[in-house]
Amino acid sequence: MIEILTDEELIKMQKAGRLVALVLKELAKAAKPGVSTLELDLLSQKIIREAGGTAPCIGYGEPPFPAAICTSVNEVVVHGIPSDSEILKEGDIVTCDVVAELDGFMGDAARTFEIGKVSEEKHLLIARTKECFFKGLEKAVEGNRIGDISYTVQQHAESFGYGVVRELTGHGIGREMHQDPEVPNYGKPGRGARIKKGMAFCIEPMITMGNRNVTLGYDGWRVETLDGSPAAHYENTVIITDQGPVMTTFEEDI
Ligand code: MF3
Ligand code: CO
């Protein structure tokens, strides 16, 4: 069932989203060579706690996810587990995926950061993954269907010869982090649920430089490319209003 949120609830979504954006802004500054991915997690936990929020990723799923954020380095697409033995180095790319709950509502967003100077091809992968999100976002208007977003994201990514990961999708969000509808990054226009005012969902292209196939790591969480090629991810929580889509988590300077 797709939940339709009241105006009051949408304001709470915006507050949760602002907290997620704040965390990502601080992570963008902190993600430097020599820093461990665990340090990024602890920083995120501190910011979320000080704002009076909680981190719903902690203990989520099976096996229980052990951290507040996902940190996915290079060939890891999503759901990397932060670790003190994983030290970021020049040339790496790391996706930080942050979920925070505030006053009963959730925000969820991800950015792929460059560590020091990265290769031109990694830089382009990140920039074009972000473009995929914004092309998809244009279709997130009342009366359209979810498939219109999916198709647009897929077309843009594949126009560069990139892979579009299919095993994971965007999702509705509200009181829970994962709700209906699914928002795939591939599909056909005119298919899927109709988009209505009051809906909240995450659009989150997960794009690979090589083949689109992925595999699950031994820790039961990490999703990595089968061919070892790097991957990028870009996500915002979006609410649908009369005036079109509003990104609760967007910050121009993240
Ligand atoms: N933003 C991630 C997602 O939508 C959140 C993962 S938290 C975890 O899948 F606990 F599932 F890792
Ligand atoms: Co998400």
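Predicted model: local features only at pLDDT ≥ 70, side-chain atom pairs only at ≥ 80, totals over all residues.
In strand S4, glycine 107 is the bridge partner of alanine 100, and the two strands concerned, S3 (residues 93-102) and S4, pair in the antiparallel sense over 10 bridges. Residues are numbered from 1 along each chain as its sequence is written, chains are lettered from A and ligands numbered from 1 in the order in which they are written, and side-chain values use heavy atoms, with hydrogens and water left out.

As for the terms, helices (H or I, at least four residues) and strands (E, at least two) are DSSP runs numbered from the N terminus, and two strands pair if DSSP finds at least two bridges between them. Buried means under 20% relative accessible area, exposed over 50%, and partly exposed in between, with a 1.4 Å probe and protein chains only.

Staying with this hairpin, S3 and S4 have 2 residues between them, and aspartate 103 in the turn has a positive phi of about 50°. Aspartate 103 is a residue other than glycine, and at 53% relative accessibility it counts as exposed. Strand S4, by contrast, is largely enclosed by the rest of the structure, because 9 of its 10 residues, 105-114, are buried. For context, most residues other than glycine have a negative phi, and most peptide bonds are trans. Histidine 79 also has a positive phi, of about 65°, although it is not a glycine, and it lies in the loop between S2 and S3.

Let me turn to the cis peptide bonds. One joins glutamate 62 and proline 63, with omega at about -5°, and proline 63 lies in the loop between helix H2 (37-50) and strand S1 (69-73).

S10 and strand S11 (residues 223-225) pair over 3 bridges, and the bridge partner of valine 214 in S11 is threonine 225.

Next comes helix H3, residues 120-138. At 1.5 Å a residue its 19 residues should span 27 Å, and its end C-alpha atoms are 27 Å apart, which agrees; the expected span is 1.5 Å times one less than the number of residues. The buried residues of H3 are Lys122, Leu125, Ile126, Thr129, Cys132, Phe133, Gly136 and Leu137. They cover an arc of only 135° around the axis, which puts them on the same side of H3, the arc being that of the directions from the helix axis to the C-beta atoms. On the other side of H3, Glu120, Glu121 and Glu138 are exposed.

Finally, the aromatic rings: a search of the whole structure finds 6 aromatic pairs. Rings of Phe, Tyr and Trp (its six-membered ring) pair if their centres lie within 6.5 Å, and planes under 30 degrees apart count as stacked, over 60 as edge-to-face and the rest as tilted. Phenylalanine 133 and phenylalanine 134 form an edge-to-face pair, 4.9 Å centre to centre with 80° between the planes. Phenylalanine 133 is buried, with a relative accessible area of 0%, whereas phenylalanine 134 is partly exposed, at 25%. Phenylalanine 160 and tyrosine 162 form a tilted pair, 5.7 Å centre to centre with 35° between the planes. Phe133, Phe134, Tyr234 and Phe250 form one aromatic cluster.
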